[in-house]
Amino acid sequence: MLESKVLVIKIGSNVLTQSNGLPDLDRMKHLVNQIQGLISAGKKVVLVSSGAVAFGRQSIPLPEKLNPVFKKQIWASTGQIRLINQYQQFFGSLNQHIAQILVTKEDFRDRKHFLNMKNCIEALLQQGILPIINENDTVTITELMFTDNDELASLTAAMINADTLMLLTNVDGIYTGNPSDPGSELVEKVVFSMPEVSNYISATKSSFGRGGMLTKYTMAKKSADLGIQVIIANGKRDGVLDEFTTKSLRCTWFEPQKVKHAPKKWLAHGAQYYKGEITVNAGAKNSLTSSVIRSLLPVGITKIEGDFSKGDILLIRDENGIKIGLGRAEYASKPALERMGEKNQKPLIHYDYLYLFDHE
Ligand SMILES: Nc1ncnc2c1ncn2[C@@H]1O[C@H](COP(=O)(O)OP(=O)(O)O)[C@@H](O)[C@H]1O
Ligand SMILES: N[C@@H](CCC(=O)OP(=O)(O)O)C(=O)O
């Protein structure tokens, strides 16, 4: 495990709930005390906390046959108040200010929203305030949803250039089989060249979780590839964060890759967040994928789709429709269309904001 200065800690619903579904306030308080310990030790912490639906469900009974979307919205919107109030009470008693940030996938897609969010979190951290993030479950339904808060946490870690992402769940990490099977062993370290650890993971989820271990693995892998160390650990374990500090924590640790250019971290996560699509000709494709560093010029662009603004993410395809990479638009779709195919024009995507997929 590496030293950490800026970390995103994600707490899963089941960590904050007992097996009967009631909030586990002792556990929550214990984690709050430990998070406070990290902050007092000079670390910058951003908390991503699930639990709104679980907190709402236990206090607001709803008819069985009510539309599941309404149920989720009602429980999330009522439960979030309880959840954040509880944090306020626990952190308040330690004189720690907190902030509530509710986000949607769209906020990571839109460069303006993204920057506003990033700047806000940085300003809060600067003032010693702990940001507590959750998905805005009232407006995010079906395709607008994050897979789960593991995805939200990993996007947040990339956004604020965190060095560490910690996913706290109800097991010690990834096991070689079902964690309750005595023959299963904990995978303590995941390195870049390792065969697919995902084969070990079954679709089982904890009673109150959404995404399961597979999203945790996928998101952990992605974050580690972006240079962020990832720890999947048991949030139900006493002293879990103290053990992290003393590097004696039983967990699954993902070794971070060598750090890449910071803006590219944001882009690497952009696969689902692009606003426009650009098709490039064979010459432009060769130029972008060659070993020489090059930006994407309008002369090599043959098609532009979507209505995008300066700063939005664009997906780049070759003429066969194969996805080559992602980039940040230097200008909007209107001037881009006017300049398409023209020589001597400003690059639509600057190299610093160009992220090429490895496999294509
Ligand atoms: N190979 C595996 N190793 C560890 N956990 C696994 C594995 N396969 C499936 N799981 C399940 O994943 C669950 C954790 O994911 P999830 O329910 O989404 O938690 P959270 O609510 O913390 O996000 C564990 O409780 C466990 O049942
Ligand atoms: N936004 C939801 C969290 C959904 C979710 O991702 O839960 P989990 O898999 O427990 O992290 C809530 O607060 O209930």
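Helices (H or I, at least four residues) and strands (E, at least two) are DSSP runs, numbered from the N terminus. The model shown is predicted, so local features need pLDDT of at least 70 and side-chain atom pairs count only at pLDDT 80 or more, while totals for chains, interfaces and linings use all residues. Residues are numbered from 1 along each chain as its sequence is written, and chains are lettered from A and ligands numbered from 1 in the order in which they are written.

**View 1. Division of the chain into two domains.** The protein chain is divided into domain 1 (6–265) and domain 2 (274–356), with bounds that come from an automatic or database domain assignment. The centres of domain 1 and domain 2, taken over C-alpha atoms, are separated by 35 Å.

**View 2. Positions listed as "binding site" in UniProt.** An unreviewed UniProt entry lists Ser50, Asp137 and Asn149 under this feature; the positions are given in the numbering used here, feature names are shortened, and annotations may be inferred rather than shown by experiment. These residues span 100 residues in sequence, but no two of their C-alpha atoms are more than 11.0 Å apart, so they gather at one spot. Asp137 belongs to the loop between strand S4 (130–135) and helix H6 (149–159). With 22 C-beta neighbours inside 10 Å, Asp137 counts as buried, a class that requires 20 or more other C-beta atoms within 10 Å of a residue's own, whereas 12 or fewer make it exposed and a count in between partly exposed, with C-beta atoms placed from the backbone. Leaving aside neighbours within four places in sequence, Asp137 is in contact with Ala52, Val53, Lys72, Gln73 and Ala76, contact being defined by C-beta atoms, placed from the backbone, that lie within 7 Å.

**View 3. Helix H6, with Asn149 and Lys10.** Asn149 lies in helix H6 and is buried, having 26 other C-beta atoms within 10 Å. Apart from neighbours within four places in sequence, the contacts of Asn149 are Lys10, Val48, Ser50 and Glu135. H6 as a whole is mostly covered, with 11 of its 11 residues buried, and these buried residues include Asn149, Asp150 and Ala153. Lys10, for which UniProt also gives the feature "binding site" in an unreviewed entry, is found in strand S1 and counts as buried with 29 C-beta neighbours inside 10 Å. Not counting residues up to four places away in sequence, Lys10 touches Asn149, Asp150 and Ala153, and also Val48, Met166, Leu167 and Leu168. H6 is followed by Asn161, whose phi is positive, near 55 degrees.

**View 4. Ile9 in strand S1.** Strand S1 (residues 6–11) contains Ile9, which is buried, with 27 other C-beta atoms within 10 Å. Among residues beyond four places away in sequence, Ile9 touches Ile35, Val45, Leu47, Met166 and Leu168. Ile301, by contrast, is 292 residues from Ile9 in sequence and 42 Å from it in space, C-alpha to C-alpha.

**View 5. Crossing of helices H1 and H3.** Two packed helices are described by the angle between their axes and the distance between the axes. Here the axes of helix H1 (residues 25–40) and helix H3 (residues 68–92) come within 10 Å and cross at roughly 50 degrees; axes are lines fitted to C-alpha atoms, for helices over the stretch in contact, and angles run from 0 to 180 degrees between N-to-C directions. H1 and H3 are therefore oblique to each other, since angles under 35 degrees count as roughly parallel, over 145 as roughly antiparallel, 65 to 115 as roughly perpendicular and the rest as oblique. Leu25, Met28, Lys29 and Val32 in H1 meet Gln86, Tyr87, Phe90 and Phe91 in H3.

View 6. Most residues other than glycine have a negative phi. Asn95, although not a glycine, has a positive phi of about 60 degrees; it is found in the loop between H3 and strand S3 (98–103) and is exposed, with 7 other C-beta atoms within 10 Å. The phi of Asn344, a residue other than glycine, is likewise positive and near 55 degrees. Asn344 lies in the loop between helix H11 (333–339) and strand S13 (349–356), and counts as exposed with 8 C-beta neighbours inside 10 Å.

Definitions and conventions: Two residues are in contact if their C-beta atoms, placed from the backbone, lie within 7 Å.
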